[in-house]
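Hello,

Here is the structure I promised to pass on to you. Have a look at it first, and then read my notes below.

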Amino acid sequence: MSGFFKSSIGRKVAMALSAFFLMFFLLQHFAINILSVFSPETFNEASHFMGTFWVIQYVMQPVLIFGVVFHFIMGFILEIKNKKARGAAYAKNNGAANSSWFSRNMIYSGLAILAFMALHFIDFWIPEINIKYVGGDMTGLINPDDATSGFRYYEELVHKFHDPLRVIAYVIAFVFLALHLMHGFTSAFQSVGATSGRKKVLQNIGKAYSIIIPLGFIFIAIYHHLTH
């Protein structure tokens with residue numbers, strides 16, 4: 001297994017698999033968050049289920065955190081390796097002639113997304129962990145002593161998007177995410193050898209995913225900022 005991660009192909013495959021997992025999570029995360037626009041009650045119910053179901057909390061959540069950390073660490077390792085390889089081959093080959101500037105500098109969009117992840121954890125994940133596992137309140141209610149008070153998730157979401165600076169930060173982060181996905185989506189399939197004969201189709205799907213999902217998150221943030 002250690003030999004697998006030491007090889008260039010092994011690192012790229014591992015990076016691709018973690019990318020697939022995170023893209024699936026992103027899609028699922030968006031599917032729940034968009035409910036806050038159309039049905040706050042359904043959004044609250046879905047969020048409460050995700051926040052209390054033991055499989056998600058004690059199995060999927062640790063796997064997700066590991067996947068995020070692994071993806072970024074592996075990305076940094078690949079970037080360092082690639083820069084060394086490009087430096088050695090610069091006299092023989094002009095990399096700019098074969099790939100875009102952005103595809104050769106994925107590290108920058110990755111760092112921007114990592115900074116956003118820190119903000120997102122501070123905004124939502126850390127307070128949620130504090131309420132449930134430090135405060136011991138698993139009810140998800142606005143007032144845990146009043147069973148009729150309703151779930152708090154929608155109120156918390158709306159409150160975060162009152163601040164225009166936070167909305168701007170989210171918009172910028174999702175623009176970087178879109179740019180990151182533009183290259184990363186097809187690259188992930190290519191790393192596992194799944195583009196043979198269908199590269200154009202995957203590129204089109206990748207473009208659609210890379211635009212629709214980040215744009216959807218941007219819409220959610222701006223919508224709640226303007227309507228509350």
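Predicted model: local features only at pLDDT ≥ 70, side-chain atom pairs only at ≥ 80, totals over all residues.

Residues are numbered from 1 along each chain as its sequence is written, and side-chain values use heavy atoms, with hydrogens and water left out.

Now to the charged pairs. E156 meets R152 through their side chains in a salt bridge (3.1 Å, N to O). The term stands for a side-chain nitrogen of Lys or Arg within 4 Å of a carboxyl oxygen of Asp or Glu. R152 itself is buried, with a relative accessible area of 6%.

R152 also forms a salt bridge with the side chain of E128, at 2.8 Å from N to O. This pair links distant parts of the chain, 24 residues apart: R152 sits in the loop between α6 and α7 (153-160), and E128 in helix α6. Helices here are DSSP runs (H or I, at least four residues), numbered from the N terminus. Both R152 and E128 are buried. Together with K132, the residues E128, R152 and E156 are linked in a network of salt bridges.

How many salt bridges does a search of the whole structure find? The search finds 5. One of them joins the side chains of D123 and R166 (2.7 Å, N to O). D123 lies in helix α6 (residues 106-134) and R166 in helix α8 (residues 164-191), so the pair ties together parts that are 43 residues apart in sequence. D123 is buried, at 4% relative accessible area, whereas R166 is partly exposed, at 21%.

Helix α2 (residues 8-33) and helix α9 (residues 199-227) pack at an angle of about 35°, with their axes 10 Å apart. Axes are lines fitted to C-alpha atoms, for helices over the stretch in contact, and angles run from 0 to 180 degrees between N-to-C directions. In α2, the residues M23, L26, L27, H29, F30 and N33 meet Y209, I213, G216, F217 and I220 in α9, where contact means heavy atoms within 4.5 Å.

Happy exploring!

Conventions:
Helix = DSSP H or I, 4+ residues; strand = E, 2+ residues; numbered from the N terminus. Buried < 20%, exposed > 50% of the residue type's maximum accessible area, 1.4 Å probe, protein only.
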